[in-house]
Amino acid sequence: MRERGSSDRQSGTRGSEQKDNASAPLRERNRFRIPPLIPGRAVVPPTVAAPVSAETTMMPKTQSSGSERADGELLEKVEPGKSAPVEAEVSQKLRHWSSHWQFWAGLATVTAGGVGFTAVALLLKLPTVPNCPSMYWPTASASMRLYCAQLAAKKQTVKDLLEAIALVQSLPPDHPMREEVNAEIEDWSKDILDLAEKSFDAGKLDEAIAIARKIPADVPAYKLVEDRIKSWKSLWSRAEKVYKDAEDELRKQNWSQAFREAVRLLYIGNTYWETTKYEELNQLIASARDDGETLGKAQNQARRGGLKNLLKAIELVQSIDAKSYLYKEAQAAIVEFGGKMMELAEAQLESRNVDEAIAIARQIPGRANMQAQVQDFIDLARAQSVAQQGTAASLSEAIALVKKLTPDRPLYSKGQDLIIRWQRELEDIAHLEKARQLAQLGTASDLKSAIKEAQLIPASHPRGDEAKTEISRWTSQIQTMEDRPYLSRAEQMASLGDETSLQAAIDEASQIAVGRALYREAQDKVKQWTGQIQRIQDQPYLDQARQLARGGNLVDAIAIAQQIKSGRALSGEAQAATKDWQAQIQAQQNLQQARSVATQATPDALASAIRLAKQVPNSSPLRSEAEEAINQWSYQMLSQAQDRATYDLQGAIAIAKTIPSGTSAYGEARAQIDVWQNILNPPALPSPEPIAPSPEPVAPPPVEQTQQSTPPPEFAPSEQSTPAPTTVP
């Protein structure tokens, strides 16, 4: 229970509250109660200007008091010398009235009314408002502290709320106002937490925690502070984790998943994360997506290969801002593209295009962090350009240039490899020069010495291929010197041309082993001489077979020609002749079969005979005979169709259609078929056009009648194709 002050203080407090904030909420108005009066101090009533006499107080109002003039006149009637009788008269009247109870009742009423009037006046009188900022607090009362604390708390700032708590916090626990003060302190602590909550909702976590921790630890509401801070930190940690997860998805270029993580911020329970950070994350996603598309285009461009595509890819990647989540990937891509450009430069250098290689290396961007490597490559390329001259002096100069690279350079190890290679090449040049000097003498022994010297150069050395080529050339010269006598003697033997000499030549040339310099030439000679022997052996068989074929004995001719085995010199001629003779035999068989079938004299038999006769090849001597039979059989079929037409046009058409194309009667049969079809299905005559009526009828001219009665010329039977009437048996 709070202490209650006098009615004067309560009236003054109500006036002060109405002055400060007439529209304040009920809770605030109740919270800022009027402090009680300071103990030990009393309210001084207003001073009475003049004392009131008993006579005046107890004077009955028997006359009207509204006219001062009448009173004056009454007083004027009292003469100075007659005052005693008047007093006596008054005393007598007082004694008279005092003996009646009505007097005492009136007196009591007047007295009570005066006291009540005085009390009401004191209650309605506003006390003086205390000046809190200039208050000397060590001597201030508890009610005054509470009053000033309430005034400070109404400002609703952290500083003023803390000052309000500090003003009343020092009251002892057993103070009568302690319960009321504790309630106020709890409210003010919650107000401070609400202000801290606003800071937290605005994204100022540290500020919110700092504000909350300003609440004194010894107030009852302090337990809310740690709970609220713990809640803030937990929410903030969850929001940061969601944000970080979205960032991780952005780095993986998982745009959809990143957006899903961003949506989770809308349900986090904090305005700052739900608005500012959500919009910020959405912008980051959009920006990262654009950067991802740019990076993808660059990678696709680089996959096409070539310097132009790599430069275009680098240009695209360099447009990605350093603040982008894909900046590391972009940097890695630039390094990758720079490495590919370096590979192109090295390829050009291997192809001995030194200037082109240097030009490519100089275009590698600085963001690839390859400046030192590029400079070393240029220096090595220039050294290799000098070494490409291939002389001992140029190699020595190149070695001196590369030795300028210090061990801390990126291509130092590669330079050392080049030095070792060129030093070996210097040794190889010395061996080659000595071997060539030996080979200039041209003898077999000198060539062998030259080969021995060149073999000192390992195949893995820079001049290993060159030494191998020289060794092969000198070996070929030695083998030619050694094998040429065998081939020369074989040629002399083969010049005689008989079978025995040719075989001896083959034996001599076969002594040249496989892989020797003259082996291919010797084998060509052996093949030639072997063919000559086979011709000598097989020519009689082929001549005899041709003689039999000319005599018409094709079967025996084929049998004799087949004695020449496949793969021999005359096997091709024998096989071609055999194939021709077999075709002639087949043609004879086809023509004989055709004549046999044609003896049946039916349309189908004649058509089959024609097809068989057509199988006789054009190259066959029987082709003309077959053509003559084909034409004869085709006209025979046409004649049969014409005979059938006298009584059966449909049957005649069917026979004519079986006459094969390419025969002499085929064209006439097609024309005859058209005539017969027109007879069976004459075309409809065109309907005459309507003629306008005339006053005098005009007879149609005779010519038109003749034309109408005469069938069209295309339907008239041809004299050539129309057969003479025959009697049907």
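Let me start with residues 1-88, where pLDDT stays under 50 and the model has 89 contacts beyond four places in sequence. This is a predicted model, and that stretch is one to read with its score in mind. There is another such stretch, residues 697-729: pLDDT stays under 50 there too, and the model has 14 contacts beyond four places in sequence. For the protein chain, the average pLDDT is 73, and 73% of the residues score at least 70.

Now to the nonpolar cores. The largest one has 44 residues, and the members that touch the most others are Trp232 and Leu265. Two or more residues each come from helix 7 (142-153), helix 8 (158-169), helix 9 (178-201), helix 10, helix 11, helix 12 (255-264) and helix 13 (271-303). Helix 11 is the main contributor, giving 11 residues, the most of any. There is also a second, separate core, with 41 residues; among them are Met342, Val354, Leu395 and Leu418.

Back to Leu265. What does leucine 265 contact, leaving aside its neighbours within four places in sequence? The list is Ala239, Val242, Tyr243, Trp273, Glu274, Lys277, Tyr278 and Leu281. Please keep Tyr243, Trp273 and Lys277 from that list in mind.

Next, the aromatic residues. Tryptophan 236 and tyrosine 272 are stacked, with 5.9 Å from centre to centre and 5° between the planes. Tryptophan 236 belongs to helix 11 and tyrosine 272 to helix 13, so this pair links distant parts of the chain, 36 residues apart. Tryptophan 236 has a relative accessible area of 11%, and therefore counts as buried, the cut-off being under 20%.

The other pair is tyrosine 243 with tryptophan 273. How are these two rings arranged, by distance and by angle? They are edge-to-face, 6.0 Å centre to centre, with 70° between the planes. Because tyrosine 243 lies in helix 11 and tryptophan 273 in helix 13, the pair ties together parts 30 residues apart in sequence. Both tyrosine 243 and tryptophan 273 are buried. Lysine 277 comes in here as well: its charged end sits over the ring of tyrosine 243, 4.5 Å from the ring's centre. Taken together, Phe200, Trp232, Trp236, Tyr243, Tyr272 and Trp273 form one aromatic cluster.

On to helix 10. Its buried residues are Leu205, Ala208, Ile209, Ile211 and Ala212. Why do they count as being on the same side of helix 10? Because they cover an arc of only 160° around the axis.

Isoleucine 215 is in it, between helix 10 (205-213) and helix 11 (222-251). Is isoleucine 215 buried or exposed? Its relative accessibility is 2%, so isoleucine 215 counts as buried. Apart from neighbours within four places in sequence, isoleucine 215 is in contact with Leu162, Ser189, Ile192, Leu193, Tyr222 and Val225. Isoleucine 185 is 30 residues away along the chain, and the C-alpha atoms of isoleucine 215 and isoleucine 185 are separated by 9.9 Å.

One last residue, from elsewhere in the chain. Aspartate 355 is in helix 16, residues 354-362. Its relative accessible area is 68%, so aspartate 355 is exposed. Aspartate 355 and serine 385 lie 30 residues apart in sequence, with 9.0 Å between their C-alpha atoms.

That is what I have.

Note on methods: Residues are numbered from 1 along each chain as its sequence is written. This is a predicted model: local features need pLDDT of at least 70, side-chain atom pairs count only at pLDDT 80 or more; totals for chains, interfaces and linings use all residues. Side-chain values use heavy atoms; hydrogens and water are left out. Helices (H or I, at least four residues) and strands (E, at least two) are DSSP runs, numbered from the N terminus. Buried means under 20% relative accessible area, exposed over 50%, partly exposed in between (1.4 Å probe, protein chains only). Contact means heavy atoms within 4.5 Å. pLDDT is the predictor's confidence in each residue, from 0 to 100. A nonpolar core is a set of buried Ala, Val, Leu, Ile, Met, Phe, Trp, Tyr and Cys residues joined through side-chain atoms within 4.5 Å. The arc is that of the directions from the helix axis to the C-beta atoms. Rings of Phe, Tyr and Trp (its six-membered ring) pair if their centres lie within 6.5 Å; planes under 30 degrees apart count as stacked, over 60 as edge-to-face and the rest as tilted. A charge sits over a ring if NZ of Lys or CZ of Arg is within 6 Å of the ring centre and within 35 degrees of the ring normal.
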